[in-house]
Amino acid sequence: MNGPLLEVSDLKVVYKTYEGTVAAVNGLDFSLHRGKTLGLVGESGAGKTTTALSILGLVPSPPGVIESGRIVFDGRDLLSLPEREMKKIRGNRISMIFQDPMTSLNPVVTVGVQISEALVAHQNLSEAAAEKRAMEMLEKVQIPGARFKEYPHEFSGGMRQRVVIAMALACNPALIIADEPTTALDVTIQAQVLELMRSLKDEFSTAMIMITHDLGVVGEVCDHIAVMYAGRIVETGTLEQLFRSAKHPYTTGLFRCIPDIEEETSLIQPIEGLMPEPLDLPKGCAFHPRCPRCMDVCRTTLPPASEENGHRVLCHLYAGGGAHA
Amino acid sequence: MPDLVKVENLVKYFPVAAGNVHAVDDVSFAIKEGETLGLVGESGCGKSTTGRLLIRLIEATSGRILYRGRDIASMDKKELHGIRKQVQIIFQDPFSSLDPRKSIGETIGKPLEIFGMGSKREREEMVDALMEKVGLSPRLYYKYPHELDGGRRQRVGIARALSLSPDFIVCDEPVSALDVSIQAQILNLLQELQEKMKLTYLFVSHDLSVVKHISNRIAVMYLGKIVESAPSLELFKNTLHPYSQALLAAVPIPKLDRKREKFILTGGVPSPINPPPGCRFHTRCPWKMDVCSAEEPPLIDVGGEHLVACHKVKGS
C-alpha cells in the first residue's frame, strides 16, 4: 500500500464537565506515512495527549466524547471498530510510550514478564518463546538480557524508559506514539534515549508520533512537525520548512522563547499573555489575544488553511493575500 | 564588586541506612554583588541542596557560608532571623510552594507580617505594589492558588520573595515547571527585577540554555562536586571539563545545522552513597587515564576566572 499509514481527518474531541464543554481537539487533520516521524508540538492544554489517546481509543469516557472525525489506520477507521478489534491493534500494531517510566511500569512485576505479556497476548507465542524474545528486546535497548528477572525499581530512570521502549517495540508495531518520552530524564540520558529511539525506528521501520513541548527534541528525531494550539494544528510541514521558514506567529513566537545556546548573546522574546481558558476559547483565531500581528478579521473569523508544498498554516496573514471582509 | 556570598568547603551528608549520601562534598565558590551565578547539573548532583544550604533551610554538615563576611552556618536563631530579610528563595514548583488555604494577598504579605512591617492597611498597599511589580493584576488579591495558572503562581512566589526587599535570592529551578512561552516571560521578569532592585541571584537549574541566558558566571556540578566554573561566555566557548562538554553536547537544539559535535555519554550517574574514588566522573569519562581513578583532581585556575577539576587540563 502506498497511501499514508495513518490519516486523521476532522477529529473533534470534547470533555463534558460540570462547568461546561471543553473542546480539547477541535477539527484535526494530519497524515503520517510508513516509517516517518511526526513531531506533535505544543504547550500544556494544546490537545496533544488527547490526540494520542483518540488514536489508541483510550479517551476516558466519561467525560471524553469523540464528536466527529475519522482515524484511518492501515485502511481501517479506528473510530468505527468495536473494542474487541481495537484490543488486537493496541499494543500490537500501535503502541504507546508514556512520559513517566515509573508510573507506566508495574512495580510488582518483573520487566521480563511485562515485555513478554504483549507477545503472549498478540503474537501467539508460548511463554518460553516470549521470554526469549523479551530478552532479545532488552539487548536491543542495551540492557543485559540477564536483567530480565529484575523489577522496575532496580533500574535507573533512563533504563526504565528503555524497558518501556522495548515493550513498545516487542510486537514490531507499525506505529509508536511517544508522549514526552524524554521529558522526565536528565539531558545526558535524554541524548542516549533519543539516539536509541532513532536507530531502533530505522531498524524496525516504525512510524512514530512524537509528542513534545521541546522543539530541540523535535529537531533531533522528526521528519515532519505539526504545531498545535488550543486544539488545532496551526502549522504543519517538514522539519526543514518549519525550522527555516516558520510562518504562524505562534510558531515563530515559540522559537523566539528559547534562549540560543550557540550564540554569544541571546535575546528571548516571550509570547505575551496566557493560553486561553479551554472552557472559553476566543472567537475567530484562538491565538489572536496573544498575537503581535493580530488584525480585525482574526477576532471574528476562524482562519482558513493555506498550503504551499505541503507547508500548511492556519493564519489570516497567509490566507489569499491578507484580510478578506 | 565585592563578594556578597562566599562559600567555603561546604559539605552536606544525608545519613541513610546504607551509609551517607554525599549530596554536597567540599564545594567552594563566591557570588559577587549584583551578579547571577548559575549552578547547573543533573538530578542528584547536589545543586538544589547547595541552594537550600545557602539560606540555611537545611543545616550543613561542615563548611562556612559567609554572607557579607558573616557566617550564616554558625548563626544563632536570633541572628538568623535578621538575615532572613536579606536572603530569600523562589522554589521550583509553584503548586506545592504556595499554601492552598491562603489568598494570594495573604501569601505575599505574610513575610511583612512576620517582620511587623507597617500597619495592616500599609501592608496591603505594599502587597499591591509588589503585585504590580511582578505583573499580577490587583484583582487577584483575594484569589487562591488553585485559581491561578502556573505562570501566575510563580509570579506570586517571586512577589513573596521580594516582599522584604532582599539582596540575595536563591532561584531553585524557577522556570522548570512552566511552558516555554511562560518560561520566557518569567526569565525576563527576573532579569528586569535584578536590574531595578540590584538583586544577586544564585540560579539553580538543569537547563543549560536557560542558565546561559541569565547567568554572569556558571558552575557545573557533578555528584556533589563543582567540576568547572567560569564566566558564562567563556564556559560555552572554551568548555574544558569532559562532563561539561557532554552536558553541552546533549542539549537538543531547535536548529537544522548544529555547530556542536555529537558526544553521547555512556551509562548513568553512580550512586552518591559510594561515589567513585578519584575523579567522580571517571566511570563515564571517554578520556579516562590511570590517575583519574586514583587521585581526585583539584579545582585549578586556568586563567580568566576559569576553574576546572580534571587531570587532563593543566593549569596556567
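Reader: Which class does A:Arg90 fall into, buried or exposed?
Author: Keep in mind that this is a predicted model. The cut-off for buried is under 20% relative accessible area. A:Arg90 has 19%, so it goes down as buried.

Reader: And what does A:Arg90 pair with in a salt bridge?
Author: In general, side chains of opposite charge can pair when their charged atoms come close. Here the N to O distance is 3.3 Å.

Reader: How far apart are the closest N and O atoms of A:Asp77 and A:Arg70?
Author: A:Asp77 is buried, with 16% relative accessible area, while A:Arg70 is partly exposed at 46%. A salt bridge needs the nitrogen within 4 Å of the carboxyl oxygen. This pair is listed as a salt bridge, with the closest N and O atoms at 4.0 Å.

Reader: Over in chain B, how many residues apart in sequence are the parts that B:Glu296 and B:Lys225 tie together?
Author: Their side chains meet in a salt bridge at 3.0 Å, N to O. B:Glu296 is partly exposed at 45%, and B:Lys225 is buried at 12%. B:Glu296 lies in the loop between helix H9 (242–250) and strand E11 (300–301) of chain B, and B:Lys225 lies in strand E10 (residues 225–231), so the parts they tie together are separated in sequence by 71 residues.

Reader: Which residues do salt bridges with shared partners join into one network?
Author: A search of the whole structure turns up 37 salt bridges over all chains. Some of them share partners, and the network they make consists of A:Arg76, A:Arg84, A:Glu85 and A:Lys88.

Reader: Which element gives the largest share of the side of chain A that touches chain B?
Author: Across this interface, 14 residue pairs are in polar contact. The elements that give two or more residues to the chain A side are helix H7 (187–204), helix H8 (215–221), helix H9 (239–244) and H10 of chain A. With 8 residues, the largest share comes from H7(A).

Reader: Which three residues supply 21% of the area that chain A buries against chain B?
Author: The contact takes 39 residues from chain A and 41 residues from chain B. The area buried between the chains is about 3600 Å², with carbon and sulfur atoms giving 58% of that. On the chain A side, the three that supply more than any other three are A:Thr188, A:Ile261 and A:Glu262.

Reader: What kind of aromatic pair do A:Tyr250 and A:Phe287 form?
Author: The count is 9 aromatic pairs over all chains. For this one, the centres are 5.3 Å apart and the planes are at 65°. An angle over 60 degrees is the cut-off, so by that rule the pair is edge-to-face.

Reader: Which ring does the charged end of B:Lys312 sit over?
Author: There are charges over rings in chain B, among them B:Lys212 over the face of B:Phe236, at 5.6 Å from the ring centre. For B:Lys312 the distance to the ring centre is 4.5 Å. The ring belongs to B:Trp287.

Reader: Now the backbone: what is omega for the bond joining A:Pro62 and A:Pro63?
Author: Most peptide bonds are trans. The bond from A:Ser61 to A:Pro62 is cis, with omega near -10°, and A:Pro62 lies in the loop between helix H1 (48–55) and strand E4 (64–73) of chain A. The bond from A:Pro62 to A:Pro63 is cis too, and its omega is about 10°.

Reader: What is phi of A:Ser205?
Author: A:Ser205 lies in the loop between H7 and strand E8 (207–212) of chain A, and it counts as exposed at 51% relative accessibility. Its phi is positive although it is not a glycine, at a value near 35°.

Note on methods:
Residues numbered from 1 in each chain as written. Chains lettered and ligands numbered in written order. Predicted model: local features only at pLDDT ≥ 70, side-chain atom pairs only at ≥ 80, totals over all residues. Heavy atoms only, no water. Phe/Tyr/Trp six-rings, centres within 6.5 Å; stacked < 30°, edge-to-face > 60°. Lys NZ or Arg CZ within 6 Å of the ring centre and 35° of its normal. Contact = heavy atoms within 4.5 Å. Buried area = accessible area lost by both parts, 1.4 Å probe. Polar contact = N/O pair within 3.5 Å; in protein donor to acceptor, adjacent residues only side chain to side chain. Helix = DSSP H or I, 4+ residues; strand = E, 2+ residues; numbered from the N terminus. Buried < 20%, exposed > 50% of the residue type's maximum accessible area, 1.4 Å probe, protein only.
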